2 protein chains.
Amino acid sequence: MRRVAVIGVGVTKFGKHDRTSAELFAAAAADAITDAGIAPSAIQALYFGNVTGGETERQLHMGPLAATLLGLPTVPTTRFENACATSHVAFRHAVMEIASGVSDVVLVGGAERVLNVPTESATEFFAYCSDASLEQPAGLTFPGVFALIARAHMDKYGTTEEQMAHVAVKNHRHGVLNPKAQFQKEISLETVLKSAYVADPLKLFDCCPFTDGGAALVLASEEVARRHRHPIWVLGTHAATDTMFVHEKRDLSRVTATERAALGAYRQAGKTPTDVDVVELHDCFTIAEIVATEGLGFFEPGTGGLAAEKGWTSLGGKLPVNPSGGLKAKGHPIGATGAAQIAEIVTQLRGEADRRQVDGARTGLTHTLGGNTATVVVSLFGRD
Amino acid sequence: MRRVAVIGVGVTKFGKHDRTSAELFAAAAADAITDAGIAPSAIQALYFGNVTGGETERQLHMGPLAATLLGLPTVPTTRFENACATSHVAFRHAVMEIASGVSDVVLVGGAERVLNVPTESATEFFAYCSDASLEQPAGLTFPGVFALIARAHMDKYGTTEEQMAHVAVKNHRHGVLNPKAQFQKEISLETVLKSAYVADPLKLFDCCPFTDGGAALVLASEEVARRHRHPIWVLGTHAATDTMFVHEKRDLSRVTATERAALGAYRQAGKTPTDVDVVELHDCFTIAEIVATEGLGFFEPGTGGLAAEKGWTSLGGKLPVNPSGGLKAKGHPIGATGAAQIAEIVTQLRGEADRRQVDGARTGLTHTLGGNTATVVVSLFGRD
């Protein structure tokens, strides 16, 4: 199969917007096309991710709408939806389209808009990503699921609420350095620990916010990418699924889909966890970051909390995690998140991340999780 | 790229069901796996299509749910949504996964369930596939869009309401021969012409019904397919997009996305319209079949109505169209439709279509349209 590179990235400011999801995507896509330095007419396919547009905007079939708004109404367009992993899933399929030789230049990304509906509606719509037959009627929303995961991790390994709070403090500190982040304000350990419980043991500041935003990437074949000033290569991308039902998961302290997706991506890339210099991973809740750093092979099972506490995952630490601020501080427009994570890693590997730059980063990893840990995609990227 | 074949097909009865979309898909998928004669563990990826599950079942992230219900919870799974073209779009991407060498065996299909909500809600949810900014507020539902298309075709070419009625009569006659069809009852020209106007000039019997149902296909690489009793080869598959906005379309008597998708598929297959022996195409309204038979190159522009009137598209005619009964009589579970059309063509090319068999069919075509003619996929199939 052919090599694939990311040659353009674009991300809107994350936060509250008065634009539709399709408009947010189009704005990010225009930036990505400009960044790539290509003619819009060079784009041969559009891979678009969105989750709740039917619920929040009464808009399905959003792919062709995004293409139309972008001025590319005839480009073959597909909408993807895999809960919060949506645009990372779309990215993986877009890589396949180029790798297979079908296309040379593909635009991929996503957008989400939820701050136009009341918070309780947004919570409800997000819960549609859980099983509707048993789990939704039981009231198992996402904070509840990740509270179960947190409790299992605490019981098994002694992980503490303070360790989880360190993740929030670190990601807010990083977010200050990212002008696109929803929150650009440091918070103290005390602020996190004194915030109200949302789902015990998770408190308000353990949770990522609701966010509007869009993100886009231009992918290219090697032949096209070689003409770009700074192509960032896709070294590997792998997806894994796990049972939809929380009650069927054998060990809530682990996310087995993360472990399997990582294994596939490392194998494809010919890399190991020690090769990775910078990571953007799915910290929808602080415990999610801790479990992910273990599942991705960076720290032994049960030591992810210690890693956060010791600052190993901070900018300047041994493995900076979520220099963008992560979902926690940068924000989490669910249909855009995967593409935004990739945009950050590309920016880091280009050496263009300004005050949040991880010095000398040559290999980066992105990890995105969907639903009750039922979809995970992991990708690895490298520079020349 | 590698050759790809369909080696298994499964379709539920179309009509009213008390099962969820994911359950309907799982039932169809189990049949497709049995038909393929493979071990379920051979499946390496799941491509799943659904449109309105968020609205009708409060269920998003339906891919992993379908995989879980099917007993394949760890297979990488993606949900696709492109309005009524959803599972044909999913099919095209699944073909790419095998063609690229990533996988050898992929399960693809879709499901929809709408008869659990009131008809006015179903109409509203389907309209979400139109633009929410201008067209929905104007009340432009799908019957209205296709009424505009019908009027344009009548004005330009003299197509008559009677010619459109012939499409309905023919597809109902075919539906009688299909035990899976929602309607298995002949109707007369008079019944169609005397039915109530839904959106002038379209009457009740010019419209396809709301339908619950699921459809699934097992795709395989050439190496795997050669071991199957009767592989049906994917000769070409192409997607095209058009502007989302009806007011931007230059000529409503044509569907340019159909013309472009067909051109791409014919070119890829090295075939012309005269090579095609049997067709399953998107007759969501009778006028849609007439316009599609022209756009696919079977009849000159403006003569699609005459072709229906003369019986050229009937079983026994020069080019049988929709031997399954089409969306009109077989039914239209929108997330399943594309996969169900492909299942019919595979059955025809195997020579296993029983009383609706097109004698000696060697080359077949499927055509699926999404939204306000904004997404079209055309695929060509052949037997050894």
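Author: Happy to! Two strands are said to pair if DSSP finds at least two bridges between them. Please keep in mind that this is a predicted model.

With that rule in hand, look at strand β10 of chain B, residues 363-370. Eight bridges join β10(B) to strand β11 of chain B (residues 375-382), and the two run antiparallel. Within this pairing, B:His367 stands opposite B:Val378 of β11(B). The hairpin of β10(B) and β11(B) has four residues between the strands, and there B:Gly371 takes a positive phi near 65°.

β10(B) also pairs with strand β9 of chain B (residues 278-280), this time through three bridges and in a parallel arrangement. Here B:Glu280 is the residue opposite B:Thr366 of β10(B).

Now for the two faces. In a regular strand the side chains alternate between the two faces of the sheet. In β10(B), one side carries B:Thr363, B:Leu365, B:His367 and B:Leu369, while the other carries B:Gly364, B:Thr366, B:Thr368 and B:Gly370. Both faces are covered, with the residues on each side all buried.

Next, let's step back to the pair of chains. Chain A can be laid on chain B by a turn of 180° with a shift of 0.0 Å along the axis, giving an RMSD of 0.0 Å. This is the relation of a two-fold axis. The same surface serves both copies, as 100% of the contact residues of chain A recur in chain B. Of the residues of chain A, A:Ser100 comes closest to the rotation axis, with its C-alpha at 2.1 Å.

As for the interface itself, 54 residues of chain A are in contact with 54 residues of chain B. Together the chains bury about 4,300 Å² between them, 56% of it on carbon and sulfur atoms. On the chain A side, A:Arg58, A:Leu60 and A:His61 lose the most area to chain B, together 16% of what that side buries.

There are polar links too. Across the interface of chain A and chain B, 36 residue pairs are in polar contact, and the count of salt bridges between the chains is four. In one salt bridge, the side chains of B:Glu81 and A:Arg79 meet at 2.7 Å, N to O. The elements giving two or more residues to the side of chain A that touches chain B include α3 (62-69), β3 (77-80) and α4 (86-99) of chain A.

Conventions:
Residues numbered from 1 in each chain as written. Chains lettered and ligands numbered in written order. Predicted model: local features only at pLDDT ≥ 70, side-chain atom pairs only at ≥ 80, totals over all residues. Heavy atoms only, no water. Buried < 20%, exposed > 50% of the residue type's maximum accessible area, 1.4 Å probe, protein only. Least-squares fit on C-alpha atoms with pLDDT ≥ 70 in both. Contact = heavy atoms within 4.5 Å. Buried area = accessible area lost by both parts, 1.4 Å probe. Polar contact = N/O pair within 3.5 Å; in protein donor to acceptor, adjacent residues only side chain to side chain.
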